[in-house]
Amino acid sequence: MCGGFAIFSSINDIIKYYNILNCEFNFNPNYNASPGQNILSIKSGISNILCKMNWGIESSNKKRKITNIRSETVAKNFNHLISQKRCIIPANGFYEWKNRKPYYIKSKKNEFLNLGGVFTEWNDGTGKIFYKTAILTTCSQKRLYEIHNRKPVVINYNDINLWLDSQKNINPNTLVDKFPEENLEFYRVSAQVNKYWNNFPGLNEKLTDIYETPDLF
DNA sequence: CCAGACGTTGTT
DNA sequence: GTCTGG
DNA sequence: CCAGACGTTGTT
DNA sequence: GTCTGG
């Protein structure tokens, strides 16, 4: 699954990489992006548009918000979203937990990870639009499976525009799960990431033996 | 019949 | 789509 | 995802 | 246990 990630590249790097025309808001590096927070997301428009979206889609039965949706069932359960409301959540890496021990998973080449998501939008009447988003998940392969059986969908760089183009009637399953796990590396990080208010450079750094004990608190 | 909802994850 | 509730 | 809370009553 | 908040 995906219950946390990091996005700390400069806004200029993000704009350049994702071909964003302009961005009118400030963005602080986030080493501990968690459900409920506003996160960066890209949707299609005249050009690609960078938005703030709140992580978690309201569920109709008023229980927990939906932070992840299985890519295997999204077409059945959220067809209106997967067919028209696809987005990309830029990440430098994401976290997975095994027995409440966090791991950081990133590109070996430090490429952006283009997390595949869907979103909802709501106009409050004053013209301001609020977005909510959920990250799609898929099966982990052999290596990542050792940590967790689910992982976020990562869209290949070359598929980004196709993924975002709601005019294109694509089968999303042809685009998900194409990013090879061989391009990823992962390692244990400090359990400080377990508390969402911990948010600082280094949170995603490899845990060495010296720092193993601090996990106890 | 129609209207409205429609998840996920984990389990030392 | 497909299921549930009314 | 994890951490932390976790009820009840009445009220124009 | 099960829910909420971040």
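Student: How far from the sulfur of Cys51 is the closest cysteine sulfur?

Tutor: Good place to start! In this predicted model, a disulfide is a pair of cysteine sulfur atoms within 2.5 Å, and by this rule the count comes to zero. The closest cysteine sulfur to that of Cys51 belongs to Cys87, and it is too far for a bond because the separation is 8.4 Å.

Student: Which of the elements in chain A has the highest confidence?

Tutor: The score to look at is pLDDT, the predictor's confidence in each residue, from 0 to 100. Chain A has a mean of 87, with 92% of its residues at 70 or more. Helices (H or I, at least four residues) and strands (E, at least two) are DSSP runs numbered from the N terminus. Helix H2 (residues 74-77) is lowest at a mean of 85, and the highest value, 96, goes to strand S1 (residues 5-7).

Student: What is the radius of gyration of chain A?

Tutor: The fold has five helices and 13 strands. The radius is taken over C-alpha atoms, and the globule rule is 2.2 Å times the number of residues to the power 0.38. That rule gives 17 Å for 217 residues, so chain A is as compact as a globular protein of that length, with a computed radius of gyration close to the rule's value, at 17 Å.

Student: What share of the residues in chain A is buried?

Tutor: Buried means under 20% relative accessible area, exposed over 50%, and partly exposed in between (1.4 Å probe, protein chains only). Among contacts with a separation of 6 or more, 66% join residues 24 or more positions apart. Of the 217 residues in chain A, the buried share is 47%.

Student: Is Cys87 buried or exposed?

Tutor: Cys87 is in no disulfide, with the sulfur of Cys51 8.4 Å away as its nearest. Cys51 counts as buried because its relative accessibility is 6%. Cys87 has a relative accessible area of 0%, so it is buried.

Student: Which backbone oxygen does the side chain of Ser41 reach?

Tutor: Ser41 lies in strand S3 (residues 38-43) and is buried, with a relative accessible area of 0%. Its contacts, not counting residues up to four places away in sequence, include Cys51, Cys87 and Ile88. A polar contact is a pair of N or O atoms within 3.5 Å; within protein, one must be able to donate a hydrogen and the other to accept it, and residues adjacent in sequence count only if both atoms are side-chain atoms. At 3.5 Å, the side chain of Ser41 reaches the backbone oxygen of Ile88.

Student: How far is the side chain of Ser140 from the backbone oxygen of His148?

Tutor: Ser140 sits in the loop between strand S10 (129-139) and helix H4 (142-145), and it counts as buried because its relative accessibility is 6%. A polar atom of its side chain lies 3.2 Å from the backbone oxygen of Arg150. For the backbone oxygen of His148, the distance from the Ser140 side chain is 2.8 Å.

Student: What is the C-alpha separation of Tyr196 and Asn32?

Tutor: Tyr196 is found in the segment after strand S13 (184-188) and is exposed, with a relative accessible area of 51%. Beyond four places in sequence, Tyr196 is in contact with Asn32, Ser34 and Gln37. Although Tyr196 and Asn32 are 164 residues apart along the chain, their C-alpha atoms are separated by 6.1 Å.

Student: What is the phi of Arg100?

Tutor: Most residues other than glycine have a negative phi. Asn99, in the loop between strand S7 (93-98) and strand S8 (101-107), has a positive phi near 55°. Arg100 lies in the loop between S7 and S8 and counts as exposed at 68% relative accessibility. Arg100 is not a glycine, yet its phi is positive, at about 65°.

Note on methods
Residues are numbered from 1 along each chain as its sequence is written. Chains are lettered from A and ligands numbered from 1 in the order in which they are written. This is a predicted model: local features need pLDDT of at least 70, side-chain atom pairs count only at pLDDT 80 or more; totals for chains, interfaces and linings use all residues. Side-chain values use heavy atoms; hydrogens and water are left out. Contact means heavy atoms within 4.5 Å.
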